[in-house]
Amino acid sequence: MNLVRQFADIGRNDLETAGGKGANLGELTGAAFPVPPGFVVITDAYRTFVRVTGIGPAIIEAAGTDTDDPVRLQSAAETIAGLFARSPVPDAMAAEILAAYRGLAPDHAQHSRARVAVRSSATAEDLADASFAGQQDTYLNIRGDDELLDAVRRCWASLWTARAIGYRARQGIAPDQVSLAVVVQQMVESEASGVMFTANPTNGRRDQTVIAAAWGLGEAIVSGAVNTDDLVVDGTGRVVERRTADKAVQTRYVDHGTAELPVPEDRRRLAVLDDAAAAELATLGSRVSAHYSAPQDIEWARRDGEFFLVQARPITALPEETGEVPSRWEVPRANSWYFRASIVEQLPDPLTPLFGDLINGAVSRSLTGIFAELLGAEALPPGAMTFPMINGYAYYAYEISAFGRVLTALPSAMKAITGQAGFVERWRDDAHPAYQRIVADWTARDLSRLASADLYDGVAELLEAGATYYTVVQTIIPPAASSETALASFYDRVVRREGDPPASTLLLGYDSLPILAEKSLYDLASWAAERPELKEWLLNDQATHEPADADEFRTRFHDHLARFGHTTYNLDFASPVPADDPDPVLDALRFFLTGRGTDPHRRQADAAARRDRLVREIGDRLDPVRRSVFNRLVSQAQRFAPIREDALADVGLAWPRLRQLLAELGRRLVRDGVIDGTDQVYWLRDVELKDWLSGVALGSRTDEIAKRKAVWRGQRLATPPQMLPDNGWAKLFARWMPAVSGNETGPVLRGIGASAGSVTAQARVLGGPADFGQLEPGDVLVASITTPAWTPLFAKASAVVTDIGGPLSHSSIVAREYGIPAVLGTGSATRRIRSGERITVDGDAGQVTLIEQADPATPATAERRRSLVPVIAGVAAAVGVGALVFRRLRRRKAARG
């Protein structure tokens with residue numbers, strides 16, 4: 001009948017004949033791996049058995065039961081099991097199976113005592129994309145002809161267990177399309193056994209092998225009855241992690257089958273594998289992975305010091321590889337201070353390699369240029385200010401010796417803080433138009449006609465222009481911050497009465513680019529809502545027939561993106577902007593279409609009316625002297641209120657074109673075989689790109705890029721210190737940083753109370769625009785930062801919590817416009833808060849309570865902290881911080897003297 005195949009005659013392509021287990025065991029045998037001998041009763045044997053016995057129609061009828069009813073599923077399984085139990089294996093088929101069985105023990109006197117494992121081998125199991133492992137049955141320690149034939153029938157019947165019927169139904173696999181092979185394999189009376197993953201399933205690292213080991217047979221591990229020794233072995237064979245368990249039970253042979261027996265006391269806490277054995281096993285696993293060109297989930301056994309493989313299958317759902325999480329933060333130069341402030345607030349993640357290489361020089365040059373204006377061309381030596389990465393994160397680096405020279409800039413710094421240096425005019429009349437001209441120049445060029453070197457020059461020029469513009473924008477922050485701080489201080493001390501709103505209320509209701517973008521999107525949604533077919537088409541994600549207004553909508557939406565689509569979610573140019581990934585903007589538009597969003601025109605008008613009314617009422621009740629001061633401070637603060645958002649929103653003007661230039665370079669790199677996809681261009685190093693431009697044959701960089709991505713993912717899990725080195729100076733500067741250390745424990749996270757009010761709601765942690773669709777109305781928005789591009793989300797959120805930010809950050813300003821609480825600069829909110837967790841956001845106290853972790857007996861300590869970094873960010877991060885610190889030190893010294 002030819003219904004039995006030896007392992008040596010089967011390979012990985014025989015899935016339909018031998019099932020997943022049989023095909024893999026045959027493949028391993030053919031590749032000379034240590035596999036105990038065996039054979040496969042092929043799938044045609046199952047079909048022949050069902051046909052000859054006539055039980056097929058009854059199986060199909062029983063298997064068509066209601067898969068949502070566990071009682072009916074179980075009844076169907078019992079009915080089918082009875083059919084198999086009552087149907088003997090046809091004589092010719094039985095003879096062929098028993099002949100193969102005798103071949104496992106050539107001595108006829110021994111074959112009846114040969115122990116074998118009889119395992120189901122389904123055609124859909126042990127595949128990379130559909131793991132059916134464990135859905136069918138296995139029978140161990142089978143001996144003799146009768147036991148073997150009975151075990152084969154029970155394996156066939158296990159194709160129709162209640163669990164298997166329900167599982168296949170959920171996978172959409174029809175009952176008449178399945179079959180089953182049966183693996184019969186000589187058993188290894190193992191002293192130890194276990195499971196090995198040739199890639200780490202927790203972090204995806206392909207250079208780590210994870211091993212679980214126990215005494216006896218592997219059945220105790222599969223059933224979960226025993227604690228296992230767990231080891232991690234790195235690519236060099238070194239055991240980097242080890243946990244030795246108390247192994248109370250083990251699976252051993254008994255007369256028939258197996259049983260769980262106690263482990264002798266002297267072996268319970270003894271390591272199953274020493275380091276040498278673990279390294280040997282990991283090496284064997286690496287060979288199997290290399291053979292399959294994919295990480296493998298391997299079952300192994302050990303007898304008399306020799307390893308055997310009893311199964312291998314692809315690892316399913318392996319996460320992307322993640323490198324080590326940094327724990328040491330060593331500074332590149334001991335003579336410098338390193339700050340995460342200013343532009344770094346727009347770079348919450350580790351930098352991608354190409355951006356990191358290029359941005360360092362661009363920021364350093366722009367800072368040097370602005371200081372040359374303030375202090376003179378010779379004031380600071382080359383390299384005194386840089387923008388390096390530490391564990392992938394960007395830091396401002398300032399030589400300590402340079403701070404002494406900064407003291408001479410105090411007059412200029414004070415002018416900047418009081419708004420007397422013309423920085424606003426410089427931004428509006430010079431820097432912004434110059435930036436627009438550079439972007440327009442590169443936008444007008446046909447990229448397909450440019451040489452690759454010209455494309456690279458465009459990337460460098462646009463990034464340089466963006467960094468220069470950002471540095472000028474930072475000079476606007478001191479007057480904006482100082483004017484708001486002066487107003488708030490005067491208002492709180494000599495004007496505010498009980499029941500009066502905070503001073504920030506007097507600064508709301510003005511237009512800024514983020515607010516104009518929101519109004520533009522709302523107006524587009526309102527226009528679409530008046531067209532029922534268009535509205536339905538948009539709400540159904542363009543899945544229905546295209547309505548007549550679709551083209552006009554596209555034109556209007558394109559116009560919106562042309563004006564506002566350059567705002568950045570993250571300044572790293574590897575992150576998309578709305579212009580080239582408009583899905584988050586469309587999600588916000590759909591939210592407005594549902595009628596759940598508030599009208600920004602009405603909200604702004606109400607805020608403006610309240611603002612003007614309060615200013616009049618307060619002025620009317622003050623005496624002439626206080627009224628004069630109050631009016632002057634209000635006027636100054638209101639002048640600057642929208643300017644910062646306008647300026648910051650245009651930092652990304654170059655980013656859409658910048659990304660197009662890089663995409664064109666990426667296409668050419670793909671053509672030359674350097675990278676596999678255009679997006680991989682961001683993961684090249686600048687030196688590699690320059691070598692390629694100069695004609696060097698780089699070869700494929702794909703493997704190296706995969707390693708860089710893994711390192712980046714590990715770095716992203718770290719909480720970077722706000723200042724380095726972490727010493728007494730760091731503690732002195734801590735109060736000026738835009739976030740706390742991030743090392744707090746307990747149920748309360750403290751930060752900056754940036755918008756008043758208190759809300760208890762479900763948290764939603766968003767890593768970037770790809771997650772925006774997860775935010776439900778009423779959720780607390782939790783993010784590392786928010787930039788102007790995040791503004792549409794505030795219409796849904798009930799509160800905002802960030803890792804980084806201060807009173808003048810985007811999150812703060814927009815949260816006040818929306819009237820929702822905000823706590824910023826917590827340092828670790830995105831790492832300590834889980835999506836779906838209920839939290840309380842107290843914008844007055846500047847704290848977030850993790851309700852599920854809170855101890856009600858422990859009172860919270862109200863704390864409202866104002867960060868001064870926005871006042872002294874960018875250029876002022878050197879001038880202001882350095883000057884203020886040295887001035888304080890001088891005062892202390894004078895006081896002691």
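Student: How many residues of strand S6 are buried?
Tutor: In this predicted model, five of the six residues of strand S6 (residues 192–197) are buried, and the strand is mostly covered.

Student: Which strand is joined to S6 by six bridges, and in what sense do the two run?
Tutor: Strand S7 (residues 208–215) is joined to S6 by six bridges, and the two run antiparallel. Within this pairing, Val195 has Ala212 in S7 as its bridge partner. S6 also pairs with strand S12 (residues 296–303), again over six bridges and in the antiparallel sense. There, Ser193 stands opposite Ala301 in S12.

Student: What is the strand order of the six-stranded open sheet?
Tutor: The order is S9-S8-S7-S6-S12-S13, with antiparallel pairing. Strand S9 (239–243) and strand S13 (306–314) stand at the edges; each has a single partner strand, so one side of each is left without a neighbour in the sheet. From one strand to the next, the twist averages 20°.

Student: And how many bridges join S8 to S9?
Tutor: Four bridges join strand S8 (residues 229–234) to S9, and these strands run antiparallel.

Student: Which strands make up the open sheet of four?
Tutor: That sheet has the order S15-S18-S14-S19, and its pairing is antiparallel. Its edge strands are strand S15 (385–386) and strand S19 (723–724), each of which pairs on one side only. Strand S14 (residues 336–339) and strand S18 (residues 396–399) run antiparallel and are joined by four bridges. Phe339 stands opposite Tyr396 in S18.

Student: Changing topic to backbone angles: what is phi at Ala32?
Tutor: Ala32 has a positive phi of about 70°, although it is not a glycine. Ala32 is found in the loop between helix H1 (15–30) and strand S2 (38–41).

Student: Is Ala32 buried or exposed?
Tutor: Ala32 counts as exposed because its relative accessibility is 62%, and the cut-off for exposed is over 50%.

Student: What about Ser293, what is its phi?
Tutor: Ser293 is a residue other than glycine, and its phi is positive, near 60°. Ser293 is found in the loop between helix H11 (275–292) and S12. With a relative accessible area of 66%, Ser293 is exposed.

Student: Which residues of helix H27 are buried?
Tutor: In H27, the buried residues are Thr702, Ile705, Arg708, Ala710, Trp712, Arg713, Gly714 and Gln715. As for its length, helix H27 (residues 702–716) has 15 residues, which at 1.5 Å a residue should span 21 Å; its end C-alpha atoms are 21 Å apart, in agreement.

Student: Why is H18 described as largely enclosed?
Tutor: Because 12 of the 17 residues of H18 are buried, the helix is largely enclosed by the rest of the structure. Those buried residues include Leu513, Ile515, Glu518, Lys519, Tyr522 and Trp527. The buried residues of H18 pack against H19, H20, helix H21 (583–593), helix H22 (600–621), helix H24 (643–649) and helix H29 (810–818).

Student: What span should H18 have at 1.5 Å a residue?
Tutor: Helix H18 (residues 513–529) should span 24 Å, and its end C-alpha atoms are 24 Å apart, which agrees.

Student: At what angle do H19 and H20 pack?
Tutor: Helix H19 (residues 532–539) and helix H20 (residues 550–564) pack at an angle of about 65°, and their axes are 10 Å apart. The crossing of H19 past H20 is right-handed.

Student: Which residues meet there?
Tutor: Leu534, Trp537 and Leu538 in H19 meet Ala550, Phe553 and Arg554 in H20.

Key: Residues numbered from 1 in each chain as written. Predicted model: local features only at pLDDT ≥ 70, side-chain atom pairs only at ≥ 80, totals over all residues. Heavy atoms only, no water. Pairing = 2+ DSSP bridges. Buried < 20%, exposed > 50% of the residue type's maximum accessible area, 1.4 Å probe, protein only. Expected span 1.5 Å × (residues − 1). Axes fitted to C-alpha atoms, helices over the stretch in contact; angles between N-to-C directions. Left-handed = near helix turned anticlockwise from the far one by under 90°. Contact = heavy atoms within 4.5 Å.
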